[in-house]
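Hi everyone, thanks for coming. I'd like to walk you through one structure today, so please have the viewer open and follow along.

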Amino acid sequence: MRSPTIGLEVHVQLNTASKMFCSCPVEFGAGPNSRVCPVCLALPGALPVLNRQAVESAFTVALALHCQIQSFSQFHRKNYFYPDLPKGYQISQYDVPFSRNGYLMVETEQSNRRIGIIRVHMEEDTAKMLHGRSITEHATTSLVDFNRSGVPLLEIVSAPDITSAEEASAYLTELRAILRTLGISSGNMEEGALRCDVNISLDAGTRAEVKNINSFRSVRKALEYEIERQNALLDQGEPVVQETRHFKESSGITVSGRTKEEAEDYRYFPEPDLVPLEITPQWIDAVHQRLPELPEERRRRLGEMGLFPAEAATIANAPELARFFDKCLLVVRTDNYVIVSRTGINPDSAITVSPFTANAKEIANWLLSDILKYLNESDLTIDQTKLTPIGLVAMIQQNKDGRISKTKAKELVTAALQGKVMQVGEKGILTNFPLDQDKFDEFLEHKTATVTATIAAIGSMGLTQISDPETIRGWVQEVLAQNPKEQDAYRLGKDTLFGFFVGQAMKRSGGKANPELLNRIVREELGK
Amino acid sequence: MNPLLRRPAHEILPMLSRGELSCRELMEISLDWVSQTEGRIHSFLTQDGERALAKASALDQRRAKGEMPGPLFGLPVAVKDNLATKGLRTTCGSRILEDFVPPYSATVIERLEQGGAVLLGKTNCDEFAMGSSTENSAFFPTRNPWDLERVPGGSSGGSAAAVASGQAFLSLGTDTGGSVRQPASFCGLCGFKPTYGRVSRYGLIAFASSLDQVGAFARNVRDCALLLETIAGHDPLDSTSLNEPVPPYLRELENNPGSLRIGFASDWLAMGLAPEVERTFHRALDTLRGLGFAIESISLPHSHYALPTYYLIAPAEASANLARFDGIRYGLRVPGENLKDLYQATRGQGFGAEVKRRIMLGTYALSAGYRDAFYLKAQQVRTLIRRDFEQAFGAVDLIAVPTAPSTAFRLGEKVDDPLAMYMADLFTIPISLAGLPSLSLPMGVEGGLPVGLQLVGPALAESHILQAAWRFEQATGLHDLVPPLAEVPRA
């Protein structure tokens, strides 16, 4: 069996607010040619102005792919005629892309390998063409929708390091997880937000390029077909032709397109309407600091909490689910809540409740069974439902405490997923809580000191937690020293003030104090 | 002609602002003169008389209500037809845009209108600003008001002829390799090509993006300063526009520029100069000396390569800039059997010979296998030319050089000889390649034809150039020149 050498060229649509060179909104599904202006229609005299948000999204991805960012790079014009390219050239990057030399760790069942990234560059998307009878009465008519014209694109070129169809698929899955975690693209292949061309050769021989692949499954199928086709040719002693081939979704085969001999000459030259792209080290640093936990790291963390690799991957690779999961953990870690009465949130009722006890594994089990099934079936993300982390954790607790049955709990969760307000338990904590996390967060922020601790704990997500007891004790002592009256009141029996001290100390720590430790130390210090 | 039309803009403007002369009245006088002369001169591709009258009346009403008049309040002006004007046909002198009406206005047009200027219409030019005589207009040639058998220069010939003949007080042109300065020279005007990036290019229909710059025509230096001040300044819609404050050119005009050192490149004079131009130039140097400027010889050794360098870079950029005229979204569309036919028929019929020649030159210069030898080499030479100027400006403050090697030539004289036509821009092109500001102003009238002098400065030295030019103009009296066609009959 000959060994395949595969390289992927991936185009990613960035979900910036506006297009790459004009202020038209990036919006899909709008009426044809309704998101256009002189610039993206290439009217005579219009000039491009580079969108800084697109640049930042672009190099955020490059950083996540461990690429070197060039402080100066250049845009070039890539010249060719086609109705979907209004200027007659595409503004792209050529010999000076903004980043090079990165890699992506790609895990399959057999291996965990480092796949090189040769370059990541920026360019603008073309308009969308609709051909033939499907849209007009004339088979020879084509229509052009310029809403997509000028949407920022990222081109990510891998090294020819990929050795199987499975690995190519894993590369794309990992790349998509990164894009989604960074929140810069839906990464949805069916919608064209992510597009993939593959280059493949056997035993480092002549390569063929396959285009027109529209799903993850098709990438795999196209590669499997090409491996088979090229093997068959070589077995018969026939050469593989260097050419562009097109994947046929319906039949699962590739067919010959134009050969490289008649390849177009794009006559690249530097875009004189734009100044060189400058990405300062300060800018890079600032973005680097803000990089979220990436899927690989997140999977490792979840694994360490006892989740199986498949569970960790499912949660970690879907950023909304991962955020939800982390918020659940935070809810568990937080001791201080408010009693919510039937008339709504009552700030005066703030009390400290006994801690929730659900662990990571339990939360994951709940998320990955009925909830995930519902989300997949309804094509929703968890953010789009009424289920909140606090609601789920409370439910798990009610069930654990034996107040409601598992069946009842599942019913309530389903009701929340379907958008109904949730009745959590008959008595005790969180009765009739509106289950609107945003409102709850807002309430926490403004209403009572008790709740400051909760906010601070939520705010500390992703920050390094401070667990040094002496540092924390320092903050607690400062708070106590500054609030003698409250101390006296507490000692005279006003228990609710406990939360106030915790909150003040948490504030002092910038939200970074380990909440369990902080609670313990406040108790210790007040007990003195 | 009404003598009001020969008055400098800076004398007419206070009359308009104070209401001593209504905008409407002046506009009627201007339009009347346009209709009397246009049949001989052909400055305009599109006239907008009715709207101009309406706008003039509207301005009068606003003044009556006590609104503060802008710096160009009520002044009839003309603009070159490669500047986009919202709702007003913009053809670039080309069949391919014969019926094109832009939905937006160029930044310079907006600045003019905010300043209170009223557009008389769009002026004729060489197709896509490619030419030096305005004979490459797809519609008709424009005549030089000094001699109707001669060209007004180009490519902004219509804008120059309109101001020289008194049809408009001021006008805008565009200058890629000399297209404002050379017509200014041929028509006895001031023509200013500012520093690259000083004036927004947004809405200027591109010929060669790294060279194109909007320029100002006026009959005297003060009017020129006024127009430049109105249009200059940073524009967020043009990434190459400079984010530098615009000095008050007008207020600084009479400032003493100090004992400026003015350089002249003796090697340029050897490049082929008509004897009357050379004579006039030496006289001009004497005048400058008399004004207290030190005249020093400088060397710009790479200028010899400027013409070939320009004719690689400009067409290369043009070949891409003109690709958008494909018959798909706007402009001419000639149907074809298939997409390729449609492209070929549209562009084949829509573009004139000179435009096609340059598209082919540029496409060739960028093609695989030739790019290094042509386009990239030209970029390297451009850097050397730019360095020549940088070095020269270490030793002198301004450079003086004739604007064109000859006075206005006859219609048809060079039309069949592209190389001879290209030579008309010999002295303007090196300055364009270096992106420097340059003002052409009259330095004499020889055999009934004006001769222009260029004053060139380092980047953003517009104010210095204007100050020196104003002193020169005061010394020679060569301002507000009147071609025979526009002589006011003696009462």
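Predicted model: local features only at pLDDT ≥ 70, side-chain atom pairs only at ≥ 80, totals over all residues.

Let's begin with chain A. It has 16 helices and 18 strands. Chain A runs to 528 residues, and 44% of them count as buried.

Now please find helix 5 of chain A, residues 295–304. Which of its residues are buried? They are A:Pro295, A:Glu296, A:Arg298, A:Arg299 and A:Leu302. These residues cover an arc of only 165° around the axis, so they sit on the same side of helix 5 of chain A. If you turn to the face pointing away from that buried side, you'll find the exposed residues A:Glu297, A:Arg300 and A:Glu304.

What does the buried side of helix 5 pack against? Its partners in chain A are strand 6 (99–107), helix 2 (165–182), helix 6 (309–316) and helix 7 (319–333).

In general, two packed helices are described by the angle between their axes and the distance between the axes. For helix 13 (residues 469–482) and helix 15 (residues 497–508) of chain A, the axes come within 9 Å and cross at roughly 125°. That angle makes helix 13 of chain A oblique to helix 15 of chain A. As for handedness, helix 13 of chain A passes helix 15 of chain A in a right-handed crossing.

Who meets whom there? On the helix 13 side of chain A we have A:Trp475, A:Val476, A:Glu478, A:Val479 and A:Leu480, and they meet A:Phe501, A:Gln504, A:Ala505 and A:Arg508 in helix 15 of chain A. By class, this contact has six nonpolar, one polar and two charged residues.

While you're there, click on A:Lys507, which also lies in helix 15 of chain A. A:Lys507 counts as partly exposed, because it has 18 C-beta neighbours inside 10 Å.

A:Asp203 is not a glycine, and yet its phi is positive, at about 50°. Where is A:Asp203? You'll find it in the loop between strand 11 (194–202) and strand 12 (208–213) of chain A. A:Asp203 is exposed, because 12 other C-beta atoms lie within 10 Å.

The other one is A:Arg267, again a residue other than glycine with a positive phi, near 45°. A:Arg267 sits in the loop between strand 14 (253–259) and strand 15 (269–270) of chain A. Is it buried or exposed? A:Arg267 counts as buried, because there are 24 C-beta neighbours inside 10 Å.

Over to chain B, which has a backbone feature of its own to show. The peptide bond from B:Gly154 to B:Ser155 is cis, with omega near 10°. B:Ser155 belongs to the loop between strand 3 (118–123) and helix 5 (157–164) of chain B.

There is a helix pair to see here as well. In chain B, the axes of helix 11 (residues 306–321) and helix 13 (residues 353–366) come within 7 Å and cross at roughly 100°. The two helices of chain B are therefore roughly perpendicular to each other. The contact involves, among others, B:Tyr311, B:Leu312 and B:Pro315 of helix 11 of chain B, and B:Ile359, B:Leu361 and B:Leu366 of helix 13 of chain B. Its residues divide into nine nonpolar, three polar and two charged.

That brings us to the interface. How many residues of each chain take part? 32 residues of chain B are in contact with 24 residues of chain A. On the chain B side, helix 11 and helix 13 each supply at least two residues. The largest share, three residues, comes from helix 11 of chain B. By class, the chain B side that touches chain A divides into 19 nonpolar, seven polar and six charged residues.

How values were computed
Residues numbered from 1 in each chain as written. Chains lettered and ligands numbered in written order. Axes fitted to C-alpha atoms, helices over the stretch in contact; angles between N-to-C directions. Helix = DSSP H or I, 4+ residues; strand = E, 2+ residues; numbered from the N terminus. Parallel < 35°, antiparallel > 145°, perpendicular 65-115°, else oblique. Contact = placed C-beta atoms within 7 Å. Nonpolar A, V, L, I, M, F, W, Y, C, P; charged D, E, K, R; others polar. Buried ≥ 20, exposed ≤ 12 C-beta atoms within 10 Å, placed from the backbone. Arc of directions from axis to C-beta. Left-handed = near helix turned anticlockwise from the far one by under 90°.
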